[in-house]
Amino acid sequence: MASVRNERKNHEVYKIHMATAHDWEDEKRKGKKISDDGTMTFFWRAHTLTILFIFSFILVYVSVFEETSPNTNFNIKRGIVATVFTFLLFGVTQTPDGPFRRPHPAFWRLVLCMSIVYELSLVFLLFQTVHDARQLMTHLDPKLGSPLPEKDYGGNCYIFDSNHSDPFHNLKDKMDGFVVTHFLGWWLKTLILRDWWLCTVLSIMFEVLEYTLEHQLPNFSECWWDHWIMDVLVCNGLGIYLGLQTLRYLSLKQYHWRGMWNIPTYSGKLRRVAAQFTPYSWTDYEWTPTSSLKRWMAMLGVIAIFLLAELNTFYLKFVLWIPPEHYLCLGRLTLFLVMGAVAMREVFQYLDDPNCKKFGRQSWLIAAIIITEFLITIRFDWVTITKPIPKTMASFWLVGFLSLLLWTIWKFYIKRDVKNDIPQLDAATATVVKQTVSMTSGLLGGGAKPVMAAMKRKRQPGKQALHQNDILDRDDEEVDEGMEDDEDEQDNKSGVDDDHLWSSQESSPRVKQRYTRL
């Protein structure tokens with residue numbers, strides 16, 4: 001009996017540690033249930049042959065009916081634009097779909113192809129000299145190619161300057177258009193990261209980086225109240241708070257979609273069109289960075305690459321002489337937001353889904369882009385990058401890295417309260433546990449937090465324990481079959497199915513009864 005109780009305890013502990021933050025099997029089932037009710041067929045079809053015909057007709061017109069321009073520069077620019085357009089057209093029609101469906105899968109395929117074009121442009125720029133790179137910018141805008149005027153943000157830090165005609169002139173100077181963009185940026189970043197702790201760490205760490213690198217970039221030299229009040233508390237803090245409220249709304253929302261032509265009223269049709277630009281379904285990101293050493297190191301890497309992307313924004317402007325308000329800077333930030341949304345979704349699945357063994361396409365590309373941008377900065381302005389860090393900040397970073405290293409060693413190698421406390425189960429019991437976890441997650445929409453544990457010692461279960469597990473497994477399968485029949489019966493009664501039909505799981509007495517038994 002003692003052996004049976006111990007094995008049952010091991011079974012429950014292993015089940016908790018094998019659970020994931022999100023039910024990925026249910027995600028796959030939802031993808032398979034997508035159907036077309038016939039009302040929006042044209043909207044969802046790929047139209048590959050139609051696009052090929054239109055594209056060929058344009059090329060025939062250019063080659064046969066249009067006169068060739070004698071301007072070489074014009075022809076080169078036009079040929080480059082046509083080449084990029086051809087690649088984007090092929091990518092939108094032929095590349096695989098990403099994890100997002102709204103507003104249309106073709107939009108996210110376009111984002112993927114645009115990120116490829118951007119990375120290829122960065123690689124080309126990397127092989128140029130700094131002078132030639134700046135001159136290349138003039139082909140995009142003739143106003144570029146000139147040194148940027150320096151603006152001192154930290155010269156006078158008085159909030160109330162009695163010696164000036166306008167005592168609050170310092171505060172008014174900081175209230176420019178970038179305050180709004182800063183606030184909106186952190187609202188969108190919160191929607192991308194979907195975690196308060198992660199957003200707060202990134203917000204504070206970037207201000208520390210500005211303190212560290214203000215001797216390299218004058219743009220980082222700000223007053224203390226500009227760092228911690230205007231940035232961290234007002235812009236970042238309010239943006240993060242609004243993002244959390246938006247996340248709460250999206251997480252609690254019932255996602256049930258109807259075909260637009262099945263809606264009887266015009267106002268309902270307009271609301272359905274507007275809803276096309278909202279998420280098809282919602283996935284909460286439970287990063288749980290301390291659940292395992294692998295997850296901890298991955299989250300440190302996410303933080304590092306995110307901060308490097310933020311720094312690249314300022315260093316690229318400084319190196320290539322691009323004003324902050326230029327459309328190239330705003331376009332890059334917009335592209336990074338849409339790329340980052342897909343990339344973080346792929347990173348979360350890569351870390352959380354045990355069946356996901358491949359790093360996502362968009363996450364691979366955005367990492368390559370950030371690294372290439374950093375290499376361009378190093379290559380074009382080595383003198384600025386290598387300016388020594390002040391001793392105070394160097395000591396601060398040294399203490400921080402040592403503290404982080406010591407805590408990591410203590411957490412995962414000395415205390416070992418996560419990775420090394422799960423007994424080894426044999427293959428038969430492990431299979432039963434995985435099936436039970438999968439079925440429980442499907443019913444409850446997730447399950448316990450993922451604590452993927454390493455096996456320390458092996459132990460053979462008794463026959464009685466295996467027999468009880470087999471009975472539990474068969475009983476669970478019978479409950480699953482009954483619930484699937486009930487769901488199919490309800491779908492047939494409703495008679496409403498659209499291009500994307502899915503409603504969130506609701507707890508039923510049968511689900512609660514089964515969860516209590518597990």
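**Pocket, cavity and one phenylalanine**

Student: Which element gives the largest share of the lining of the second largest pocket?
Tutor: That share, 10 residues, comes from α6, a helix being a DSSP run of H or I with at least four residues, numbered from the N terminus. This is a predicted model, in which local features need pLDDT of at least 70 and side-chain atom pairs pLDDT 80 or more, while totals for chains, interfaces and linings use all residues. Residues are numbered from 1 along each chain as its sequence is written, and side-chain values use heavy atoms, without hydrogens and water.

Student: Which residues lie nearest the centre of the second largest pocket?
Tutor: Of its 37 lining residues, V117, Y118, S121, L140 and L328 lie nearest the centre; the elements giving two or more residues to this lining are α5 (72–94), α6 (105–126), α7 (130–140), α13 (293–320) and α14 (327–352). The space amounts to about 1,600 Å³, and the lining divides into 26 nonpolar, eight polar and three charged residues.

Student: How many cavities of 30 Å³ or more are counted?
Tutor: The count is one, with about 80 Å³ of space in the largest cavity. Residues lining the largest cavity include W108, R109, L112, E346 and R361, and α6 gives the most, three residues. That lining holds five nonpolar, two polar and four charged residues.

Student: Why is F168 called partly exposed?
Tutor: Its relative accessible area is 38%, and buried means under 20% and exposed over 50% (1.4 Å probe, protein chains only), so a value in between is partly exposed. F168 sits in the loop between α7 and α8 (169–174).

Conventions. On a 1 Å grid over the protein atoms alone, a cavity is a set of points where a 1.4 Å probe fits but cannot get out, and a pocket is an open set with protein on both sides within 12 Å along at least five of seven lines; lining residues have an atom within 4 Å of a point. Grid points are joined across faces, edges and corners, and a volume is the space filled by probe spheres set on the points. Ala, Val, Leu, Ile, Met, Phe, Trp, Tyr, Cys and Pro count as nonpolar, Asp, Glu, Lys and Arg as charged, and the others, Gly among them, as polar.
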